[in-house]
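Let's walk through this model together, one piece at a time. Keep the sequence and the 3D view side by side as you read.

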Amino acid sequence: MIIIAYLAGSISSAILVCKMRGLPDPREQGSGNPGATNVLRIGGASSAILVLFFDMLKGAIPSYLSYLMGLDAASLGFIAVAACLGHIYPVFFQFKGGKGVATAFGAMAPIGHDLALCLVATWIVLVIITRYSSVSAMAAALLAPVYTWLLDERFVLPVAMLSTLILIRHKDNIERLRIGEESKLTRKRSNKKA
């Protein structure tokens with residue numbers, strides 16, 4: 001299941017959606033990150049929603065199948081992390097992948113609708129307040145183990161594993177935030193920077 005999860009994660013939704021829609025390669029445009037946020041910048045909302053949906057499925061399907069197989073919480077964590085590592089280092093796309101946020105969310109979502117709602121609400125509220133997708137993602141990752149502990153403590157370990165991976169993957173964003181160079185979340189539009 002770890003191998004299956006990694007291979008599923010390695011299917012880059014952002015690259016495939018951009019190819020199907022005639023958009024530039026997300027690894028070479030915008031932030032250079034093949035994820036939903038960058039696709040939003042270069043291709044608009046409908047393309048980003050497709051990427052988000054398929055990235056979430058990559059995490060949800062292996063994790064949920066493993067849960068149905070009766071695997072323990074630690075194993076579920078390793079399988080979910082493998083799906084995220086596939087997204088971050090995809091074997092099919094020269095190991096150049098995204099941050100793993102949507103895939104991690106997909107892996108956490110089957111735990112329960114209440115957890116999924118808490119994570120989505122956290123991300124939305126913070127992105128409205130800050131306009132930084134990275135800040136919203138990191139805050140949701142930090143709060144995910146807390147929400148899980150309150151809602152279904154059996155899965156705190158796998159969620160904490162995913163959260164740690166997401167925070168590590170955002171180290172460059174943390175540095176850009178520190179020096180004031182992090183990009184704010186905007187949809188595709190003409191560039192009118194001063």
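Where in H8 does a kink of about 35 degrees lie? Look at Leu143, shortly before the proline Pro145. The bend at a residue is the angle between axes fitted to the seven residues ending there and the seven starting there.

Before going on, a word about what you're looking at. This is a predicted model, in which local features need pLDDT of at least 70 and side-chain atom pairs count only at pLDDT 80 or more, while totals for chains, interfaces and linings use all residues. Residues are numbered from 1 along each chain as its sequence is written, and side-chain values use heavy atoms, with hydrogens and water left out.

Back to H8, which covers residues 133–151. The expected span of a helix is 1.5 Å times one less than its number of residues, so the 19 residues of H8 should span 27 Å, and the 25 Å between its end C-alpha atoms agrees with that.

Now turn to H4, residues 45–68. Its 24 residues should span 34 Å, and its end C-alpha atoms are 34 Å apart, which agrees. The buried residues of H4 include Asp55, Lys58, Pro62 and Ser63. They pack against H1 (2–9), H2 (13–20), H3, H5 and H6. After H4 comes Gly70, with a positive phi near 85 degrees.

Ser63 turns up again in the second largest pocket, where Ser63, Leu76, Ala107, Ile111 and Phe155 lie nearest the centre, out of 15 lining residues. H4, H5 (73–88), H6 and H9 each give two or more residues to that lining. The volume of this pocket is about 190 Å³. On a 1 Å grid over the protein atoms alone, a pocket is an open set of points where a 1.4 Å probe fits, with protein on both sides within 12 Å along at least five of seven lines, and lining residues have an atom within 4 Å of a point.

Gln94 counts as exposed at 54% relative accessibility, whereas Phe95 is partly exposed at 49%.

Ala116 sits in H7 and is buried, at 14% relative accessibility. Leaving aside neighbours within four places in sequence, Ala116 is in contact (heavy atoms within 4.5 Å) with Phe105 and Ala109.

How many disulfides are there? With a disulfide taken as a pair of cysteine sulfur atoms within 2.5 Å, the count is zero. For Cys84, the nearest cysteine sulfur is that of Cys118, 19 Å away. Cys84 is buried at 1% relative accessibility, and Cys18 is buried with a relative accessible area of 1%.

Definitions and conventions. Helices (H or I, at least four residues) and strands (E, at least two) are DSSP runs, numbered from the N terminus. Buried means under 20% relative accessible area, exposed over 50%, partly exposed in between (1.4 Å probe, protein chains only). Grid points are joined across faces, edges and corners, and a volume is the space filled by probe spheres set on the points.
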